[in-house]
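Please read the following report alongside the sequence and the structure.

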Amino acid sequence: MSTTAQPSIHGAEMPATPWPEMPISPDQIQEGNPNAKGLVIHQTPDRCISSGFWQCDPSKFNWDFSWDEFVHILAGRVTIVSENGHTCTLGPGDVAHFTSGSKTVWHVQEQVRKFFVLRTAEPLV
């Protein structure tokens, strides 16, 4: 007899701040103090798909994606420039997808807060 996993629904409210620090490496920072914080709220059993919340203060930094990530901007404004020069400014309500291997520069104009879903090749710890 085979067993099948029962479907489940996991809901969550945006957690109250302060969130744990998710520091950006100093060698990636071009301007300002990102003071990045975030919280993973859900993961699949294999820990290869994760979702959560992240926020960052005004700053400018390099970010290379080592995973596929979907974002939904909840507050603030950020301009993102890809290595090929494509520029995208995101604000509340905007969504974006970044593929693994993307090299970007993030310029956070006002504290940005996002919901993210990311997929990693190896389990995220």
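The paragraphs below describe a predicted model, beginning with the chain as a whole.

**Overall fold**

The protein chain contains eight strands and zero helices, so that, in the order of the sequence, its pattern reads β-β-β-β-β-β-β-β. Taken along the principal axes, the box filled by the C-alpha atoms of the protein chain comes to roughly 60 × 35 × 25 Å. Of the 125 residues in the protein chain, 32% are buried, and the chain exposes about 7,700 Å², of which carbon and sulfur atoms supply 55%. When contacts between residues at least 6 apart in sequence are considered, 68% of them join residues that are at least 24 apart.

**The nonpolar core**

Which residues touch the most other members of the largest nonpolar core? They are Trp54 and Trp106, in a core that has 19 residues. Two or more residues of this core come from each of β3 (49-56), β5 (68-82), β7 (95-98) and β8, and β8 gives the most, with five residues.

The surroundings of Trp54 can be set out in detail. With neighbours within four places in sequence left aside, Trp54 is in contact with residues that include Trp19, Met22, Ile24, Phe61, Trp106, Val112 and Phe116. The contacts of Trp54 also include Ala36, Lys37 and Gly38, as well as Arg113 and Lys114.

**The largest pocket**

The largest pocket has a volume of about 320 Å³. Its lining is made up of 15 residues, and those closest to the centre of the pocket are Met22, Trp54, Trp63, Trp67 and Leu118. The elements that give two or more residues to the lining are β4 (59-64) and β8 (103-119), and β8 gives the most, with four residues. Sorted by class, the lining of this pocket has 13 nonpolar and two charged residues, and no polar ones.

**Residues in loops**

Asp57 is found in the loop between β3 and β4. Apart from residues up to four places away in sequence, Asp57 touches Asn33, Pro34, Asn35, Val108 and Gln111. Asp57 and Gly76, which are 19 residues apart in sequence, have C-alpha atoms 9.3 Å apart in space.

Asn35, one of the residues that Asp57 touches, lies in the loop between β1 (29-32) and β2 (37-43), while Arg47 lies in the loop between β2 and β3.

Methods
Residues are numbered from 1 along each chain as its sequence is written. This is a predicted model: local features need pLDDT of at least 70, side-chain atom pairs count only at pLDDT 80 or more; totals for chains, interfaces and linings use all residues. Side-chain values use heavy atoms; hydrogens and water are left out. On a 1 Å grid over the protein atoms alone, a cavity is a set of points where a 1.4 Å probe fits but cannot get out, and a pocket is an open set with protein on both sides within 12 Å along at least five of seven lines; lining residues have an atom within 4 Å of a point. Grid points are joined across faces, edges and corners, and a volume is the space filled by probe spheres set on the points. Ala, Val, Leu, Ile, Met, Phe, Trp, Tyr, Cys and Pro count as nonpolar, Asp, Glu, Lys and Arg as charged, and the others, Gly among them, as polar. A nonpolar core is a set of buried Ala, Val, Leu, Ile, Met, Phe, Trp, Tyr and Cys residues joined through side-chain atoms within 4.5 Å. Buried means under 20% relative accessible area, exposed over 50%, partly exposed in between (1.4 Å probe, protein chains only). Contact means heavy atoms within 4.5 Å. Accessible areas come from the Shrake-Rupley method with a 1.4 Å probe; for residues, only the protein chains shown count as cover.
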